[in-house]
Amino acid sequence: KCVPLLTTIPPMRDHDEAVTEVNKQLRELASEMQIPLIDYYAAIVERQPKHAWLGTLISNDGVHPSGDKTNVYSAENLQRDGYALRNWVTFLKLREVYFEVLRPEEKK
(Lines give C-alpha, C1' and ligand atoms only; values in the text may rest on other atoms or scores of the structure.)
Protein backbone atom coordinates (compact mmCIF):
# COMPACT_ATOMS: atom_id res chain seq x y z
CA LYS A 1 0.00 0.00 0.00
CA CYS A 2 2.69 2.41 -1.00
CA VAL A 3 1.54 5.50 -2.88
CA PRO A 4 4.35 7.58 -4.38
CA LEU A 5 3.97 11.34 -4.49
CA LEU A 6 5.68 13.74 -6.87
CA THR A 7 6.29 17.37 -6.08
CA THR A 8 7.13 20.25 -8.34
CA ILE A 9 10.29 22.18 -7.62
CA PRO A 10 10.02 25.74 -6.34
CA PRO A 11 10.94 28.81 -8.36
CA MET A 12 14.64 29.71 -8.41
CA ARG A 13 16.20 33.07 -9.14
CA ASP A 14 17.44 33.32 -12.74
CA HIS A 15 16.24 29.82 -13.66
CA ASP A 16 12.66 30.43 -14.82
CA GLU A 17 12.93 28.42 -18.03
CA ALA A 18 14.63 25.40 -16.44
CA VAL A 19 12.19 25.31 -13.54
CA THR A 20 9.24 25.61 -15.92
CA GLU A 21 10.55 22.73 -18.05
CA VAL A 22 11.23 20.42 -15.11
CA ASN A 23 7.83 21.13 -13.61
CA LYS A 24 6.17 20.52 -16.98
CA GLN A 25 7.83 17.13 -17.14
CA LEU A 26 6.82 16.32 -13.56
CA ARG A 27 3.20 17.27 -14.26
CA GLU A 28 3.15 15.12 -17.40
CA LEU A 29 4.67 12.15 -15.58
CA ALA A 30 2.18 12.48 -12.71
CA SER A 31 -0.71 12.62 -15.16
CA GLU A 32 0.54 9.76 -17.32
CA MET A 33 1.34 7.46 -14.41
CA GLN A 34 -1.58 8.65 -12.25
CA ILE A 35 0.75 9.65 -9.43
CA PRO A 36 -0.50 12.28 -6.97
CA LEU A 37 1.27 15.60 -7.50
CA ILE A 38 2.08 18.20 -4.87
CA ASP A 39 2.27 21.43 -6.84
CA TYR A 40 4.60 23.34 -4.54
CA TYR A 41 5.60 25.69 -7.35
CA ALA A 42 1.97 26.71 -7.98
CA ALA A 43 1.35 27.23 -4.27
CA ILE A 44 4.30 29.63 -4.14
CA VAL A 45 3.46 31.70 -7.20
CA GLU A 46 -0.21 31.83 -6.22
CA ARG A 47 0.76 33.52 -2.94
CA GLN A 48 3.73 35.57 -4.19
CA PRO A 49 3.44 36.14 -7.97
CA LYS A 50 5.88 37.83 -10.33
CA HIS A 51 9.03 36.98 -8.40
CA ALA A 52 7.63 38.42 -5.17
CA TRP A 53 8.50 34.98 -3.78
CA LEU A 54 12.17 36.01 -3.66
CA GLY A 55 12.91 37.06 -0.10
CA THR A 56 9.53 35.83 1.10
CA LEU A 57 8.72 32.17 0.36
CA ILE A 58 12.12 31.59 -1.19
CA SER A 59 15.10 32.84 0.80
CA ASN A 60 17.37 35.57 -0.47
CA ASP A 61 19.79 32.97 -1.85
CA GLY A 62 17.19 32.46 -4.59
CA VAL A 63 17.10 28.68 -4.18
CA HIS A 64 15.97 27.44 -0.78
CA PRO A 65 12.58 27.88 0.88
CA SER A 66 12.55 30.43 3.64
CA GLY A 67 11.93 29.22 7.16
CA ASP A 68 11.17 30.77 10.49
CA LYS A 69 7.85 29.50 11.82
CA THR A 70 7.80 26.23 9.90
CA ASN A 71 4.96 24.71 11.93
CA VAL A 72 2.64 27.72 11.86
CA TYR A 73 -0.06 27.31 9.21
CA SER A 74 -1.91 30.59 9.43
CA ALA A 75 -2.79 32.27 6.14
CA GLU A 76 -0.35 35.06 7.00
CA ASN A 77 2.57 32.72 7.68
CA LEU A 78 1.85 30.68 4.54
CA GLN A 79 2.51 33.89 2.60
CA ARG A 80 6.07 34.22 3.89
CA ASP A 81 7.46 30.92 5.21
CA GLY A 82 8.45 28.58 2.39
CA TYR A 83 9.00 25.54 4.59
CA ALA A 84 5.64 26.01 6.33
CA LEU A 85 3.97 26.24 2.93
CA ARG A 86 5.76 23.10 1.74
CA ASN A 87 4.67 21.26 4.90
CA TRP A 88 1.09 22.46 4.44
CA VAL A 89 0.65 21.52 0.77
CA THR A 90 2.28 18.15 1.47
CA PHE A 91 -0.12 17.53 4.36
CA LEU A 92 -3.10 18.43 2.16
CA LYS A 93 -2.00 15.99 -0.55
CA LEU A 94 -1.34 13.22 1.99
CA ARG A 95 -4.79 13.81 3.45
CA GLU A 96 -6.32 13.62 -0.03
CA VAL A 97 -4.50 10.35 -0.78
CA TYR A 98 -5.56 8.91 2.57
CA PHE A 99 -9.26 9.61 2.03
CA GLU A 100 -9.40 9.02 -1.73
CA VAL A 101 -7.11 6.00 -2.08
CA LEU A 102 -6.26 4.31 1.19
CA ARG A 103 -9.42 4.81 3.23
CA PRO A 104 -12.27 6.05 1.03
CA GLU A 105 -14.81 4.58 3.46
CA GLU A 106 -13.67 7.16 6.03
CA LYS A 107 -14.25 10.11 3.70
CA LYS A 108 -16.44 12.73 5.30
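Trainee: What should I know about the model before I look at it?

Mentor: It is a predicted model, in which local features need pLDDT of at least 70 and side-chain atom pairs count only at pLDDT 80 or more, while totals for chains, interfaces and linings use all residues. Residues are numbered from 1 along each chain as its sequence is written, and side-chain values use heavy atoms, with hydrogens and water left out.

Trainee: How many helices and strands are there in the protein?

Mentor: The protein has 3 helices and 2 strands, and from the N terminus on the elements run β-α-β-α-α. Helices (H or I, at least four residues) and strands (E, at least two) are DSSP runs, numbered from the N terminus.

Trainee: And what does the C-alpha trace span?

Mentor: Along its principal axes the trace spans about 45 × 30 × 20 Å. Of the 108 residues, 31% count as buried, where buried means under 20% relative accessible area, exposed means over 50%, and partly exposed lies in between (1.4 Å probe, protein chains only).

Trainee: Let me ask about H3, then. How many residues has it?

Mentor: Helix H3, residues 82-102, has 21 residues and reaches 28 Å from its first C-alpha to its last, close to the 30 Å expected at 1.5 Å a residue; the expected span is 1.5 Å times one less than the number of residues.

Trainee: Which residues of H3 are buried, and what covers them?

Mentor: The buried residues of H3 are Gly82, Ala84, Leu85, Val89, Lys93, Val97 and Phe99, and their cover includes strand E2 (37-38) and helix H2 (40-47).

Trainee: What happens at the start of H3?

Mentor: There, a side-chain oxygen of aspartate 81 reaches to within 3.1 Å of the backbone nitrogen of tyrosine 83.

Trainee: Which residues make up the largest nonpolar core?

Mentor: The largest nonpolar core has 11 residues in all, namely Ile38, Tyr40, Ala43, Ile44, Trp53, Leu57, Ile58, Leu78, Ala84, Leu85 and Val89. H2 and H3 each supply at least two residues of this core. A second, separate core of 5 residues includes Leu6, Leu26, Ala30 and Ile35. A nonpolar core is a set of buried Ala, Val, Leu, Ile, Met, Phe, Trp, Tyr and Cys residues joined through side-chain atoms within 4.5 Å.

Trainee: What about threonine 8, is it buried or exposed?

Mentor: Threonine 8 is buried, with a relative accessible area of 2%, although its place is in the loop between E1 and H1.

Trainee: Which side chain does threonine 8 join in a polar contact?

Mentor: A polar contact of 3.0 Å joins the side chains of threonine 8 and aspartate 39, and a polar atom of the threonine 8 side chain also lies 2.9 Å from the backbone nitrogen of tyrosine 41. A polar contact is a pair of N or O atoms within 3.5 Å; within protein, one must be able to donate a hydrogen and the other to accept it, and residues adjacent in sequence count only if both atoms are side-chain atoms.

Trainee: Changing topic, what is phi of aspartate 14?

Mentor: Phi of aspartate 14 is near 65°, a positive value in a residue other than glycine. Aspartate 14 lies in the loop between strand E1 (6-7) and helix H1 (16-33), and it is exposed, with a relative accessible area of 69%.

Trainee: And where is glutamine 34?

Mentor: Glutamine 34 is in the loop between H1 and E2, with a phi near 55°, a positive value in a residue other than glycine, and it is exposed, with a relative accessible area of 73%.

Methods
Contact means heavy atoms within 4.5 Å.
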